[in-house]
Amino acid sequence: MALGVESVVSWLQGRRSLYPANTKALSSRFAFPQTHEEWLERYSWLEDAYLGEAYSQGDVTALHLFRALDTAGDEIATTRRLTRDVQHVVDTDAQALSQGLVLELDGDDAKRLAEGAAIWRAGGTTEQVGTWARRCVSLGDVFIEPVRRQEKRPYGVRLIGYDPRQVRTVYDDQTGTVIVEATITTDYYEPPKPGESVRDQVAHAYRRVLTPTEIAVTLDGEPVEEESGPHGLGVVPLAHAQCIPWTDPDHGLWAAVGLESALAYVDSVLTQAFAVGNRYGNPLLVVRGAKLTATSDVHKFGRVISGVPADGSVEIVEASLEQIRALLAAADQARAMARETLPEFLFTDAGASASGRALNFRASAFAAKVRDMRDRFYGALTTATAYAVAMEADRPYDPDDAAFRVDAPPALPVNTAEEVEVLHGILDHDGLTHADYVRHLQRLGIVPRDADPDEYAIATLDQRGTRAREFFRAPPDKTEPPKGEE
């Protein structure tokens with residue numbers, strides 16, 4: 001479907017949705033999206049939730065959120081996002097997915113492992129993976145493509161991550177799990193020339209169409225020959241990671257499905273409480289039996305009112321906040337119930353009253369959730385790495401080749417000293433190679449992650465051999481006379 005110029009330009013100017021606000025379906029904010037357009041809106045809404053952006057007018061209307069108007073119809077207050085629960089869930093899960101990653105291989109093909117590690121180092125994959133993980137967790141999806149940077153070998157293949165709003169995929173009819181075509185669209189502005197204003201910038205649409213045989217690249221509808229052509233893999237060079245899978249192979253669910261609806265109610269009540277506080281925070285002065293002129297300054301601190309008749313009175317009237325207290329209690333309970341079902345709040349809700357068994361249950365639930373997300377995220381990452389190695393070697397992708405895998409630290413903190421002791425014992429009994437031992441130390445953060453495990457292992461063995469030679473070197477013979485003496 002073609003997008004209008006107005007829609008594209010509005011998105012490039014900061015609106016993350018590719019579609020004008022007045023065309024958004026109000027029901028799709030919390031209903032499961034049914035169309036591509038609704039998915040685009042959903043992704044943008046989730047991004048706004050993570051960034052703490054204000055609720056739109058459509059959100060306020062569709063979700064019946066609090067909004068106050070004065071007698072002239074001007075807005076006094078409207079619901080805005082006031083909690084950080086979404087950020088906490090996303091950041092906690094993204095860190096569990098992206099920290100301490102080490103590329104490994106099932107098998108002893110050292111050359112293939114070195115090729116994959118070289119692509120990671122050259123493309124800064126370990127630095128970029130945090131962004132990909134945060135996209136996957138907060139929106140529900142992320143796509144990774146191996147891209148050739150040169151027309152001829154060496155191709156300089158790099159891994160590129162895509163926001164799910166940029167990608168539209170087609171899956172096979174037989175299983176619904178294999179991507180048979182993908183379209184990646186990136187809209188951008190051409191930088192202004194000297195003397196031109198921002199309004200003179202030209203919007204461009206860069207599009208990549210991936211099939212099992214070739215890549216077709218266009219810029220504003222015109223072919224880009226130097227970036228197009230056969231890739232030789234035999235599969236679509238694109239890996240898709242879902243945070244939480246559902247019925248749709250194209251789209252996943254974000255890490256805390258359902259939390260957004262509970263927080264919308266909480267934000268609405270908190271905003272209402274703030275509005276009431278702003279309205280009635282300053283007590284009202286009520287005068288009976290007398291009249292204050294417009295120029296009266298009795299509201300200033302320290303002023304005294306005199307001349308009030310015997311049957312008159314001057315008093316301060318304050319609003320009762322009992323109903324607001326009840327609403328705040330209900331909002332607090334709704335938020336607490338939502339947090340209790342999310343194991344990420346193990347790190348914030350573990351008070352002194354929590355039992356050890358309850359904490360263990362929540363810790364186990366968090367570890368299981370992270371393990372499930374890691375399987376899909378690391379699976380996409382290693383698949384894209386295998387594609388990249390095959391593309392760099394200019395050979396078809398063979399799924400029977402030794403498979404890459406990713407090792408990462410445990411989701412929950414561990415006793416590093418105990419784990420190193422266990423690894424050292426396994427190494428002493430020849431259960432690990434020295435290179436694998438180094439990789440585990442990289443996972444624990446003891447050895448730098450950018451070090452080559454094989455070279456690091458050789459260096460440590462050389463260092464050990466040097467120390468051994470120094471230790472076992474024969475002491476000098478003290479009976480021999482010094483040189484120059486007989």
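In which loop is T83 found? T83 lies in the loop between strand 2 (75–78) and helix 4, and the legends below return to this residue.

The model is predicted: local features need pLDDT of at least 70, side-chain atom pairs count only at pLDDT 80 or more, and totals for chains, interfaces and linings use all residues. Residues are numbered from 1 along each chain as its sequence is written, and side-chain values use heavy atoms, with hydrogens and water left out.

**Figure 1. Overview of the protein.** The protein contains 13 helices and 15 strands; helices (H or I, at least four residues) and strands (E, at least two) are DSSP runs, numbered from the N terminus. Of its 486 residues, 40% are buried. Here buried means under 20% relative accessible area, exposed means over 50%, and partly exposed lies in between (1.4 Å probe, protein chains only). Contact means heavy atoms within 4.5 Å. Among contacts with a separation of 6 or more, 62% join residues 24 or more positions apart. The protein exposes about 27,900 Å², of which carbon and sulfur atoms supply 53%. Accessible areas come from the Shrake-Rupley method with a 1.4 Å probe, and for residues only the protein chains shown count as cover.

Figure 2. The structure holds one cavity of 30 Å³ or more, and about 70 Å³ of space lies in the largest cavity. A cavity is a set of points, on a 1 Å grid over the protein atoms alone, where a 1.4 Å probe fits but cannot get out; lining residues have an atom within 4 Å of a point. Grid points are joined across faces, edges and corners, and a volume is the space filled by probe spheres set on the points. The lining consists of W45, A49, Y55, R81, T83, V86, Q87, E260, L263 and D267. Two or more lining residues come from each of helix 2 (36–51), helix 4 (85–98) and helix 7 (259–280), with helix 7 giving the largest share, three residues. By residue class, the lining of the largest cavity divides into five nonpolar, two polar and three charged. For this division, Ala, Val, Leu, Ile, Met, Phe, Trp, Tyr, Cys and Pro count as nonpolar, Asp, Glu, Lys and Arg as charged, and the others, Gly among them, as polar.

**Figure 3. T83 and R335.** T83, one of the residues lining the largest cavity, is buried, with a relative accessible area of 13%. Leaving aside neighbours within four places in sequence, T83 is in contact with L263, V266, D267, L270 and R335. R335 is found in helix 8 (residues 322–340) and counts as partly exposed because its relative accessibility is 26%. With neighbours within four places in sequence again left aside, R335 is in contact with T83, D85, L263 and V266. The C-alpha atoms of R335 and V266 are separated by 6.8 Å, although these residues are 69 residues apart along the chain.

**Figure 4. The nonpolar cores.** A nonpolar core is a set of buried Ala, Val, Leu, Ile, Met, Phe, Trp, Tyr and Cys residues joined through side-chain atoms within 4.5 Å. The largest has 63 residues, of which V86, L101, W132, L159, L259, F377 and L381 touch the most other members. Helix 10 (residues 356–393) supplies the largest share of this core, 14 residues. Another core, of 15 residues, lies apart from it and includes L210, V224, V236 and L238. In soluble globular proteins, nonpolar side chains tend to be buried together.

**Figure 5. The loop between strand 4 and strand 5.** Both R148 and P154 are found in the loop between strand 4 (141–147) and strand 5 (158–162). The peptide bond from R153 to P154 is cis, with omega near -5°. R148 counts as partly exposed, at 22% relative accessibility. Not counting residues up to four places away in sequence, R148 touches Y155, V157, P230, H231, M391 and D394. Between R148 and M391, 243 residues apart along the chain, the C-alpha separation is 7.8 Å.

Figure 6. H64, which is not a glycine, has a positive phi of about 55°. The residue H64 is placed in the loop between helix 3 (57–63) and strand 1 (67–69), and H64 counts as exposed because its relative accessibility is 71%. D220, also a residue other than glycine, has a positive phi near 55°. The place of D220 is in the loop between strand 9 (214–219) and strand 10 (222–223); D220 is partly exposed, with a relative accessible area of 40%.

Technical notes
On a 1 Å grid over the protein atoms alone, a cavity is a set of points where a 1.4 Å probe fits but cannot get out, and a pocket is an open set with protein on both sides within 12 Å along at least five of seven lines; lining residues have an atom within 4 Å of a point.
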